[in-house]
Amino acid sequence: MTGGPDPLGGGPNHRRRPWIVLALLILLFLAGAAIVRAETKATPRVVLHRTIPALLHLPGKPFHPAWPREGQAAVGIEGLASFGTHGQQVPVPIASVAKVMTAYLTLRKHPLVPGREGFRIRISQADVDDLHERIARDESVAEVRAGESLSEREALEELLLPSANNVAALLAVRDAGSIGSFVAQMNSAAAKLGMRHTQYTDPSGFKASTVSTASDQMKLAREAMSDPTFARIVAMRSAELPVAGRVVNSNELVGHHGYLGIKTGSDEAAGGCLLFARRIQAGSRTLMVLGAVFGQHHGELLEGALASANRLASSLAAEFRVRTAIPAGAKVLVARSPDLHTVDGITAAPVRQLGWSGMPVRVRLRMAAPGSSVADRQRLATLTAHGTSVTRVPVIAGEALPAPSVEWRLMHLP
């Protein structure tokens, strides 16, 4: 006889039911715990990856200055950029460009301030005789008269404007006691300025043995133009002197297109030479071009040097302006979330530099430390561009980058 159902519910199915319920409760507990753990566990941060190169060049065909067709030259923008040299930088005669060192030494030892005339030189009959001998040799001179008292300022104007060789000698003897001693000082000063390829043998440059290079004379020009008296005199088109009368600057560029000097030189050995300074306007900035052109033998010597220098300086004046190195909205980095979604980091403003086409610009990125998400237009980095100036712009997110979902975090629990 078979038995009926157990009145106490003790059958096999009844006995399994509590275990199933318990297992479900445990699973629910574990799932809830995993969700809580996923939600409370620190989510990995967004990672930033740079995409812009460390070195850029301003747009356009690389710029090359309008170098002269012969001789040697050097040019640069004072305080901003050097465009190097052209031609073999070997010592060559520089003619009256040598007088820049004579004036530089004089003013360094006997500074002049506005309204002062400086020391005085009493002109002797021997000085007048020397003048006539130089005229016979076809040297450039300034008229002097026995008994005349020539001030330091007047002597410098005669030295630098009409390029008077006799006055160079007067200044040398007045300062050092003899031409030989003064020449020794010229060479000592050149050595201190790093003019390694320069040798002075006279204070006027009349001797072909007085030699230098364009790059060396650029070093001297920079120092000389820092003296206000020197800079004022070489920028004069003419001057009125008691005995010599009206003397005219041999640099015919002065007073035109921003030219400020500095010194001409010309003879058969040296050819046409010019050490020059020119003011140019670039955006809102006023800059100075310094340059040297030596060894211009084609055609009229001095006119050739003036023309070559003008072409060289004008090429810089036309090229040097504010340019956009990196436009606004340019992609410079990528922000990547842990779930591999990405957004671009873009420049919030254009990066502009004062310069020339092809100019190198170094780019640095200082990254921020974003969390697990990125908001739209959130700042991600600071971009710094180093060219002729330092420019900084923010780098922002092009759109939002949300944090990874709970489902993704559940799947990536350790």
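## Aromatic pairs

Both Phe63 and Phe83 are buried, a term that denotes under 20% relative accessible area, with exposed standing for over 50% and partly exposed for values in between (1.4 Å probe, protein chains only). This is a predicted model, in which local features need pLDDT of at least 70, side-chain atom pairs count only at pLDDT 80 or more, and totals for chains, interfaces and linings use all residues. Residues are numbered from 1 along each chain as its sequence is written, and side-chain values use heavy atoms, with hydrogens and water left out.

A search of the whole structure finds 3 aromatic pairs, where rings of Phe, Tyr and Trp (its six-membered ring) pair if their centres lie within 6.5 Å, and where planes under 30 degrees apart count as stacked, over 60 as edge-to-face and the rest as tilted. One of them joins Phe63 and Phe83 in an edge-to-face arrangement, at 5.7 Å centre to centre and with 90 degrees between the planes. Phe63 lies in the loop between β2 (55–57) and β3 (72–77), whereas Phe83 belongs to strand β4 (residues 81–86), so the pair ties together parts that are 20 residues apart in sequence; helices (H or I, at least four residues) and strands (E, at least two) are DSSP runs, numbered from the N terminus.

## The stacked pair and the cluster

Phe320 and Trp356 form a stacked aromatic pair, with 5.7 Å centre to centre and 25 degrees between the planes. Because Phe320 lies in the loop between α9 (301–319) and β14 (321–326) and Trp356 in the loop between β17 (351–355) and β18 (360–367), the pair ties together parts that are 36 residues apart in sequence. Phe320 counts as buried at 2% relative accessibility, and Trp356 counts as buried at 13%. Ring pairs link Phe63, Phe83, Phe320 and Trp356 into a cluster.

## A charge over a ring

The charged end of Arg174 sits over the ring of Phe119, 4.2 Å from its centre, the criterion being that NZ of Lys or CZ of Arg is within 6 Å of the ring centre and within 35 degrees of the ring normal.

## Positive phi in two loops

Most residues other than glycine have a negative phi. Ser163, although it is not a glycine, has a positive phi of about 65 degrees; this residue lies in the loop between α4 (152–160) and α5 (165–176), and Ser163 is buried, with a relative accessible area of 5%.

Leu340, also a residue other than glycine, has a positive phi near 75 degrees and is placed in the loop between β15 (331–336) and β16 (342–347). Leu340 is exposed, with a relative accessible area of 64%.
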